[in-house]
Amino acid sequence: MKKFVFLFTTTLISTTLFGQDATPQQQAPPTEFTVNKEQELTDFLVISCEGKTKEELYKKTMEWISKTYNNPSEVVKAQVENDYIRFQGISKKEYCFKNMITVCEDIKYQIEISFKEGKYKFDVLELQSGSKDKYGLTSWNDIKFKKSWMYFKGNGEIRDMYKDTMPKIANYFNALQKSLNDYIYNKNETARNNEW
């Protein structure tokens with residue numbers, strides 16, 4: 001009996017100590033954009049599209065850009081067929097902050113969408129805010145949230161004047177990505193208008 005207890009205890013201890021994976025588990029990529037002190041805006045999203053080829057995804061994304069932006073030929077900055085598309089957009093009054101009064105500026109962004117079988121990567125490469133000067137010219141400045149005293153207090157909390165800005169920008173890119181995904185699956189009005 002003592003041998004059995006000893007053998008059982010030894011087996012249990014060795015399984016507990018040595019039975020762990022040698023390689024750490026990878027975390028799944030996020031499914032939506034957020035903004036925080038450590039990471040800035042989420043690096044990118046990987047969106048699963050079961051049953052869709054990279055050729056289909058590329059074609060649908062090009063169609064979506066053509067229907068979403070007024071001048072698609074000016075918006076698309078680079079592309080390699082069935083591999084990736086890089087485009088630039090501007091959205092009015094997305095970057096707001098409160099300093100006695102609420103001031104809102106436009107944002108300019110550059111996004112790269114890369115394609116693989118059954119999925120695409122939606123990556124915000126550049127993000128800038130722009131304000132017009134007295135001559136009506138817009139000057140663009142990079143938005144850098146990462147570990148910035150401008151946006152975050154010493155304890156990591158978002159400063160009051162930017163509390164609405166960060167979720168608003170993250171939500172803008174979440175809505176943009178969702179619009180593309182809905183278009184790929186013919187779930188939005190723009191895509192359904194193609195079927196007549």
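**Note on the salt bridges**

1. Asp182 is buried, with a relative accessible area of 14% (buried means under 20% relative accessible area, exposed over 50%, partly exposed in between, with a 1.4 Å probe and protein chains only). Its partner in a salt bridge is Lys178, with the closest N and O atoms 2.7 Å apart. Lys178 is partly exposed at 47% relative accessibility. Both residues sit in helix α4, 4 residues apart, so about one helical turn separates them.

2. This is a predicted model, in which local features need pLDDT of at least 70, side-chain atom pairs count only at pLDDT 80 or more, and totals for chains, interfaces and linings use all residues. Residues are numbered from 1 along each chain as its sequence is written, and side-chain values use heavy atoms, with hydrogens and water left out.

3. A salt bridge is a side-chain nitrogen of Lys or Arg within 4 Å of a carboxyl oxygen of Asp or Glu. By this rule there are 7 salt bridges. Helices (H or I, at least four residues) and strands (E, at least two) are DSSP runs, numbered from the N terminus.

4. Lys59 and Glu63 form a salt bridge at 3.3 Å, N to O. They lie 4 residues apart in helix α2 (residues 54–68), so they too are separated by about one helical turn. Lys59 is exposed, at 52% relative accessible area, while Glu63 is partly exposed, at 22%.

5. Asp164 and Lys98 form a salt bridge at 3.0 Å, N to O. This pair links distant parts of the chain, 66 residues apart: Asp164 is in the loop between β8 (138–142) and α4 (165–184), and Lys98 is in strand β5 (residues 84–99). Lys98 is partly exposed, with a relative accessible area of 44%.
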